[in-house]
Amino acid sequence: MTLLSTTHPPVEAQTWEKAAATAAVLIITIRYSFSPNIPIGFLLAICLLPITARYLTLHRGALIITVLCFLSAISGLMLTMGHSGLGSVSWSVAVVQTVRVLGIALILAALLWARALLGTRRLILTFGLGSLTSLLVTGVAPENPWKFSLSVPVALIALSLPIVAAHRWRQFVVVIALVVVSALNDSRSAAGLLLMAAVLTLMQGKTPGSRRQGQWRIWLALARVVLIAIGAFFVTQAAILEGMLGEAARLRTEAQISLSGSAIIGGRPEMGAAYSLISDRPWGYGAGTLVTYDDRMLGKSGMDSLGYNTYKNGYVEKYMFGHGFEVHSVLGDTWILFGLAGATLSIVIVAFALAGLAGSLSRGTAITIAAFLILRLTWDFAFSPFPSAVHLLPLTVAVALPPLSNASITRSAASLDSG
């Protein structure tokens with residue numbers, strides 16, 4: 001049974017158009033940057049904009065996300081300007097952060113164009129192959145190659161292969177293998193999200209109904225996502241504490257629970273810093289605003305309140321507050337860097353992504369890798385740094401957003417030949 005790939009089939013296109021889209025996706029995945037840290041994919045997306053911009057108007061939510069990206073960029077720069085008289089700022093840092101948030105919209109446009117020509121499954125497969133190849137440029141993280149370098153590209157490739165993506169049970173078997181490898185390599189969140197995505201795919205609906213029934217099915221699918229997420233968390237935590245996923249994972253989880261009473265809070269004490277900083281300045285700090293002594297002490301106090309020891313802590317001093325702000329959360333980072341516009345952008349992206357997942361689940365057209373990407377985006381929203389999450393973010397949104405109509409996509413792609 002073919003699943004999500006039939007929901008957004010590729011349009012009829014010339015071979016050279018598909019080759020161009022494939023090459024564009026491969027280049028976008030390469031993590032190579034020009035000074036001052038401008039990704040090559042961002043520059044390519046600007047060059048492709050005359051071709052790709054129209055696709056932002058053909059997908060539900062894409063134009064709203066694009067407008068919010070530009071508003072966030074403006075807000076981040078204005079907040080930085082307003083802070084320049086109060087403390088130190090770095091305009092080079094502001095440029096880097098502004099490029100990141102604008103890149104979401106520009107790369108999204110390019111990937112929506114590529115999806116129209118290649119189809120959803122092939123888009124994911126190409127992105128995975130490009131990400132794996134990109135490791136030749138960036139190198140593999142020596143401390144944990146699977147967790148920090150290989151897990152996502154391998155999952156993208158393995159679960160989007162035609163022989164796997166076309167059958168639910170084959171997807172489930174591949175997921176189990178990925179879950180075991182992830183758990184044994186201390187990648188607990190990836191293991192849990194993969195397992196949850198597989199369960200959602202197996203439990204999805206199969207038959208279409210009326211429009212009214214479709215709306216109820218979407219809400220039921222969202223409720224199913226929440227319930228399965230809760231269940232997956234407790235099942236995974238129990239398995240870890242029983243030592244079923246390795247001794248290292250068990251010891252680390254036990255330490256986190258003893259620290260704050262919760263594996264999530266103990267594992268992500270940065271949320272205490274985010275809460276303290278945002279509560280003190282809810283309008284945001286600025287894309288190029290540097291951390292002051294008072295800012296650092298305020299953030300550390302929030303982490304201390306969760307039982308985390310910040311005294312002479314190199315992670316806190318250097319990584320989180322050594323130069324700019326990093327609170328290990330897409331929502332927290334975008335709120336601090338770009339103000340209320342950035343926070344709204346993050347919330348809207350997650351809302352549209354989850355709506356896309358619920359819609360595909362209610363129609364019975366979801367594939368596991370697409371569900372995994374959307375669930376991972378939701379996890380990143382709360383628990384992952386913006387700079388690292390932004391690499392997968394445009395792909396996830398491109399996969400999740402439904403077209404307003406397949407006919408409009410076909411007409412838009414066909415106009416490339418005439419224009």
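Biologist: Let's start with Val390: which residues does Val390 touch, not counting residues up to four places away in sequence?

Modeller: A contact means heavy atoms within 4.5 Å. By that test, and with residues up to four places away in sequence set aside, Val390 touches Arg100 and Ile104. One bit of housekeeping: this is a predicted model, where local features need pLDDT of at least 70, side-chain atom pairs count only at pLDDT 80 or more, and totals for chains, interfaces and linings use all residues. Residues are numbered from 1 along each chain as its sequence is written, and side-chain values use heavy atoms, leaving out hydrogens and water.

Biologist: How far apart are Val390 and Ile104 in sequence and in space?

Modeller: They are 286 residues apart in sequence, yet 7.3 Å apart from C-alpha to C-alpha. Val390 belongs to the loop between α18 (386–389) and α19 (393–400). Helices here are DSSP runs of H or I, at least four residues, and strands are runs of E, at least two, numbered from the N terminus.

Biologist: Is Val390 buried or exposed?

Modeller: Buried means under 20% relative accessible area, exposed over 50%, and partly exposed in between, using a 1.4 Å probe and protein chains only. Val390 has a relative accessible area of 16%, so it counts as buried.

Biologist: What about the chain as a whole: how many helices and strands does it have?

Modeller: The protein chain has 20 helices and two strands. Of its 419 residues, 53% are buried. Looking at contacts between residues at least 6 apart in sequence, 76% join residues at least 24 apart.

Biologist: Which residues have the most contacts inside the largest nonpolar core?

Modeller: Such a core is a set of buried Ala, Val, Leu, Ile, Met, Phe, Trp, Tyr and Cys residues joined through side-chain atoms within 4.5 Å. The largest one here has 91 residues, and Ile65, Leu111, Leu156 and Leu395 have the most contacts inside it. Helix α4 (residues 91–118) gives the most to this core, 18 residues. Ile65, leaving aside neighbours within four places in sequence, contacts residues including Leu108, Leu345, Phe352 and Leu401. Apart from this core lies another, of 14 residues, among them Leu277, Tyr285, Phe321 and Phe325.

Biologist: And at what angle do α2 and α4 pack?

Modeller: For α2 (residues 40–52) and α4 the angle is about 50 degrees, with the axes 8 Å apart. That makes α2 oblique to α4; under 35 degrees would be roughly parallel, over 145 roughly antiparallel, and 65 to 115 roughly perpendicular. Residues making the contact include Phe42, Ile46 and Leu49 of α2, with Leu102, Leu106 and Trp113 of α4.

Biologist: Where are Asp186 and Lys312 found?

Modeller: Asp186 is in the loop between α8 (168–184) and α9 (188–203), and is buried, at 18% relative accessible area. Lys312 is in the loop between α14 (293–304) and α15 (314–320), and counts as exposed, at 69% relative accessibility.

How values were computed:
Axes are lines fitted to C-alpha atoms, for helices over the stretch in contact, and angles run from 0 to 180 degrees between N-to-C directions.
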